[in-house]
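Subject: Structure handover

Hello,

Here is the structure for your files. My notes on what was found follow below it.

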Amino acid sequence: VVIFSPSFLLMFLRVKENQPVEQKDPGWKLFGKVPLRESPLKDPKKIQKEYETKSGRAGSGNPTSPRQSVRKNLDFEPLSTTALILEDRPANLPAKPAEEAQKHRQQYEEMVAQVKKRELKEAQRRKKQLEDRCKLEESIGTAAQTWNQDILPNWSTVCTSRRVRDLWWQGIPPSVRGKVWSLAVGNDLNITHELYNICLSRAKEKWKSTATLFTETESEDVGSSDRESSLELIKLDISRTFPQLCIFQKGGPYHDVLHSILGAYTCYRPDVGYVQGMSFIAAVLILNLDTADAFIAFANLLNKPCQMAFFRVDHSLMLTYFAAFEVFFEENLPKLFAHFKKNNLTPDIYLIDWIFTLYSKSLPLDLACRVWDVFCRDGEEFLFRTALGLLRLYQDVLTSMDFIHMAQFLTRLPDLIPADQLFQHIAAIHMTSRNRKWAQRGCPVLKR
C-alpha cells in the first residue's frame, strides 16, 4: 500500500493547477502501468460547495445556524481541506477505496464540528468580555457623575459620610481621582505654585553648575543627601520608572515633568534629598494631576510620619513599624506567621519596597491606584492592611515555600492580581489586637 502525505498531495495539486500539461504518458500503479483516468481538477471551494449541497448543508431553504453565522464573522475564511479529503485522486494516482473515502469524510466532518465549536466558544467569550467592559464603563461614568455633582462640591460636609466611604472603597473614577487625592492628602505644608517654580529654578541652576563642574572641593562641601539627589542619580531612576509605559523615559512626554518634580523636591527638602523609590510615587501623581499640583501632593505625602521614617532611613522607627505590623500579622494569619518565623523571613525583606513606593512598583498600576484611593482616605494603616491582604491572598502558596522562594515571590508579585479578590482579603483583615488599634499619628505604637 502506498501512502501519500497531505503535504505531498497539496504540493502536487498546486503544481498541476499552475502548470497544466497534456497528459499523454501512461499512468502507473505498484508493479505496473495502467491507462490514465480522466479526472479534471476542480477548484477547492467549488468542491466544498458541491459536498455541502449533497450533504444538505447548503441551500436557500436551510436556515443559517448560529455556528454558521459565527464563521461569517471571521476576518478570513480558511481554505478548506475538502479538496484533499473528498476529491478524487489525480488520474496518475491509484483510486481511493470507498471505505477510505467514507473514513475521510467522517474525519472531515469531525474536524469541522470541532472548529465550529471552538469558534462559537470564542465568540461567546468575546461577547461576554464586551458586555463586562460596557458595564464597567457605564458604572465608572455613573460614579464620576456622582463624584462631580454631589461629593466634590460639598467635600467638607460629605467626605466622611458612610455613602462616600463606600464609594471610595469601590475605587475612584480616573477622571476625578486627582482631585480627590489632592483634597484627601491636603496641603499642611502650605506649598504654592510659586514656591514650586522657585524650587524648580534652583534645581535647574544646580544641575547646570553640576553638569559643567563638580570638583572635589565642592563634593566635600555638600552633604551625603545632596550627593544622592544629584542629576545623574535622578536621571538613572527616571529611566527605570514604569519602563513598560515608555512615557517617563528619555524622549517620553513625561520625562521632563518627572525630572522637574524630583529636582524641585531635592531643593525643597535638602535634608531628605532624593531617595530611590521616590520616582514611582511622583510618576503616579503626574498621571493624575497637573505638574504643580502633583508636586504639592508629592511633598505632603512624603511628609507623613511613615513615609518620612522610611525615606530618612530612621532605623529605630522603621523597626517600630515592623513590630506593630507583626502583631496584626500574627492576629490575622497565625499559620502563615508561624511559617515565616520558622523560616526567619522578617517583614523588612518585603515591606520596605512596598512602603517605599506605596505599592506603585509592586502591583499593576491600575490596582496600585486603587490602593492609593483608600490609602488617601485611611492613612498609613491601610498600607500595612494591604500587605496583610496580599499575604492572605497568597497564604496557601506561601506556606508551601521555603525562605528563598517566599522572598522571591514577595519581592516580585504576580503580574496579574485580581483586584476584587485582593480587596476582599483586605476587607477581611482586622486591625485590632487585644483591644488595641493602630495609632495613626506620629508613631505606630498600638493604642487601647
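Helices are DSSP runs of H or I with at least four residues, and strands are E runs of at least two, numbered from the N terminus. The model is predicted, so local features need pLDDT of at least 70 and side-chain atom pairs count only at pLDDT 80 or more, while totals for chains, interfaces and linings use all residues. Residues are numbered from 1 along each chain as its sequence is written, and side-chain values use heavy atoms, with hydrogens and water left out.

Pocket

A pocket is an open set of points on a 1 Å grid over the protein atoms alone, where a 1.4 Å probe fits, with protein on both sides within 12 Å along at least five of seven lines; lining residues have an atom within 4 Å of a point. The second largest pocket holds about 570 Å³ of space, the volume being that filled by probe spheres set on the points. Its lining has 19 residues, and Leu136, Ile140, Gln170, Gly171 and Arg370 are the closest to the centre. Helix α5 gives the largest share of this lining, five residues. At least two lining residues each come from α5 (98–151), α8 (174–185), α20 (365–378) and α24 (419–427). By class, 12 are nonpolar, three polar and four charged; Ala, Val, Leu, Ile, Met, Phe, Trp, Tyr, Cys and Pro count as nonpolar, Asp, Glu, Lys and Arg as charged, and the others, Gly among them, as polar.

Core

A nonpolar core joins buried Ala, Val, Leu, Ile, Met, Phe, Trp, Tyr and Cys residues through side-chain atoms within 4.5 Å; buried means under 20% relative accessible area with a 1.4 Å probe, protein chains only. The largest one has 106 residues, of which Trp147 and Leu391 touch the most other members. Helix α15 (residues 291–302) supplies its largest share, nine residues. Not counting residues up to four places away in sequence, the contacts of Leu391 include Phe325 and Phe329, where contact means heavy atoms within 4.5 Å.

Aromatic pairs

Rings of Phe, Tyr and Trp (its six-membered ring) pair if their centres lie within 6.5 Å; planes under 30 degrees apart are stacked, over 60 edge-to-face, the rest tilted. The whole structure has 27 aromatic pairs. Tyr265 and Tyr268 form a tilted pair, because their planes are at 45°, with centres 6.4 Å apart. Phe325 and Phe329 are also tilted, with centres 5.8 Å apart and planes at 45°. Both lie in helix α17 (residues 315–332), four residues apart, and both are buried.

Regards

Terms used
Buried means under 20% relative accessible area, exposed over 50%, partly exposed in between (1.4 Å probe, protein chains only).
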